[in-house]
Amino acid sequence: MSSGWFETLSSADPPTAAAVPAGIRDVLERRLAAGHAPGAVVAVTDRHRTLAVLDAGLADAAAERRYDGDSLIRLDSLSKPLVALVTLQEMERGTLALDTPIPDLLPWCELPPSPKPITVHHLMSHTAGLPRGSDTWLDPLFPVHRLRALRPVGTPGEQFHYSNHGWKLLGLLLEELTGRPLSDLLRERILEPLGMASSRARLEPRDISELVPRYCRVRPGRPVLADLPLAQIPWPPHAAADGCVAASVDDVCRFARAMLQHGATPDGGRLVAPDTFNLLVERWAQEDEVGWYGYGWWIYERRGQTFYMHPGYQPGSACILILDPVSGIAVFVAANGLLDVRTIAEYCLASVRAAADGSAPPQPPRTRRAERIPSAEDYVGEYHGASTFTLALEGDGLRFHGAGLDQLLQRVDPQVQSAFPADTFVLPSFPFDDHYLEFERSADGVVTGVHHGARRFDRGMHRLDATPLPADWDAFCGDYRSQNPLDPSITVVGRRGRLWLLEEWETVELHPLGGGEFRVGSWEQSPEYLVFDAPTPHGTARVRTGDGEGVWYRISA
């Protein structure tokens, strides 16, 4: 457990506005040029005032409007810290205990079978064992209702697994306990006490036009290509607790100051008591070696110091708030497209700290050309499969020649597509632009070949594993399309005798559970699984996620 937010606050003198280096905007502009967003904004605050709001590019490309302190940004999952505070307020009022089983509070809610009851604590710490889900619902009742049809979950409390469904359920629970809409609770208990007058606690259709627009490359669901144009995509309305808040840049800074002052409000009051506030950043669930989750906050360490943060992501939008409780500085970064906002925020925070204490500034994050391939010589050679092509060194990159193409290979940017291994590349021309090029190595590190969707190509005399699939699995392979324009396509292929799911953001193995159901990923207790159904003579006609949120229909074998 942590020693608590309140106890770790420093009495050091706060930084001044002069401590915000002007070079931060230069970094922001360089990252934008290499990213997939029209614009971005950085805001820096200490415990008492906003130190700077720096922008680059455009918040609204059509209107040619820049970001400023009034820009209204959908926070998505960054809404969760606000909902966590309302939940702890109910704990202080005695209407709930964190170890109370959910069925005791919501008798109508039927959850999947589990070895022990799911509690409020499990929902808040993402340890309930529920699927991730999405935060694109105006009303949470239907996705929560469908949880009853899930396979049995693992033991609650044993494993961190991020779940929007759990927070939808938490919002419904708060409404049941108080008899009030969640939006009223957030507005009256958080937004108004903190002076967040421009913020929204529920995104109705009438609110959408006020938001900063979001932008995607014009082929979502396929490899991210740097030279594709950006297109504005509409925001859906949203009222569920997993991502219902929109706030201006200035209002986010007001919220950050309240957090840096352990829940103090501008009028001298408190959102919750100090001991209760510290529960937000207890290390309730460990995600990895340096990261934990509390109640609505991630806790992570860098060079022996602890920070608190939460991001908010949607296709075409990204934001993050990082708090440094020792120096009393917070940084908020938002972009209207695909951008590595965490890297930018951490650099800005380190720069402000260095300027304030007179130490050497940090090195700016590097922006590499997409055509620069580390260890490019490893991939040189001739590749044989459905067609033949060669890869040859050209400067610090690789030239692809074959199949009517002659151009440089592009690396996948690990800052914005971190789920892919380093041996993943993209070729931005037909017929290779529909899937990533995923190279394989032998046990001693030698590149043996490459996969491109369902196709494989052997390198020289090397041979990729050609183990066939079980006969009844062939029916599952193919391309599938969805009616959801933001998650439009997936591909299922056989590799090395196993099934693999190919998505825009990752390639992941599918593990058989029986009856046409396959677990997504290697964790044996994962609640994420796919169901293949509607068999036809030409293969399975449909695949859906276990929670029913994603449904795709076959378009090709």
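Mentor: The axes of α2 and α11 come within 11 Å and cross at roughly 165°. That makes α2 roughly antiparallel to α11. Angles over 145 degrees count as roughly antiparallel, under 35 as roughly parallel, 65 to 115 as roughly perpendicular, and the rest as oblique. Axes are lines fitted to C-alpha atoms, for helices over the stretch in contact, with angles from 0 to 180 degrees between N-to-C directions.

Trainee: Before we go on, what kind of model is this, and how are residues numbered?

Mentor: It's a predicted model: local features need pLDDT of at least 70, side-chain atom pairs count only at pLDDT 80 or more, and totals for chains, interfaces and linings use all residues. Residues are numbered from 1 along each chain as its sequence is written, and side-chain values use heavy atoms, with hydrogens and water left out.

Trainee: And the helix names, what are they based on?

Mentor: Helices (H or I, at least four residues) and strands (E, at least two) are DSSP runs, numbered from the N terminus.

Trainee: OK, back to the pair. Is the crossing of α2 and α11 left-handed or right-handed?

Mentor: α2 passes α11 in a right-handed crossing. Right-handed is when the near helix is turned clockwise from the far one by less than a right angle, and left-handed is when it's anticlockwise.

Trainee: Which residues meet there?

Mentor: From α2 you have Ile24, Val27, Leu28 and Arg31, and they meet Thr343, Ile344, Tyr347, Cys348, Ser351 and Val352 in α11. Contact means heavy atoms within 4.5 Å. By class, that's 7 nonpolar, 2 polar and 1 charged residues. Ala, Val, Leu, Ile, Met, Phe, Trp, Tyr, Cys and Pro count as nonpolar, Asp, Glu, Lys and Arg as charged, and the others, Gly among them, as polar.

Trainee: What else covers the buried residues of α11?

Mentor: Besides α2 (23–34), the cover includes β1 (39–45), β10 (305–314), β11 (317–324) and β12 (329–335). The buried residues of α11 include Val341, Ala345, Leu349 and Ala354. Buried means under 20% relative accessible area, exposed over 50%, and partly exposed in between (1.4 Å probe, protein chains only).

Trainee: What end-to-end span should α11 have?

Mentor: At 1.5 Å a residue, the 17 residues of α11 (residues 341–357) should span 24 Å, and the end C-alpha atoms are 24 Å apart, which agrees. The expected span is 1.5 Å times one less than the number of residues. Just after α11, Gly358 has a positive phi of about 75°.

Trainee: Switching to α3. How many of its residues are buried?

Mentor: 11 of the 14 residues of α3 are buried, so α3 is largely enclosed by the rest of the structure. Among them are Pro81, Leu82 and Leu88.

Trainee: How do α3 and α7 cross?

Mentor: The axes of α3 (residues 80–93) and α7 (residues 164–178) come within 11 Å and cross at roughly 40°. They are therefore oblique to each other, and α3 passes α7 in a left-handed crossing. The contact is made by Lys80, Val83, Ala84, Val86, Thr87 and Glu90 of α3, with Asn164, Trp167, Leu170, Leu174 and Thr178 of α7. That contact has 6 nonpolar, 3 polar and 2 charged residues.

Trainee: And what about α3 with α8?

Mentor: Those axes come within 10 Å and cross at roughly 85°, with α8 covering residues 182–191. α3 and α8 are therefore roughly perpendicular to each other. The α3 side of the contact includes Leu82, Leu85 and Arg93, and the α8 side includes Leu185 and Ile190. By class there are 8 nonpolar, 1 polar and 3 charged residues.

Trainee: Where's the cis peptide bond?

Mentor: It joins Phe430 and Pro431, with omega about 10°. Pro431 lies in the loop between β18 (424–426) and β19 (437–441). Most residues other than glycine have a negative phi, and most peptide bonds are trans.
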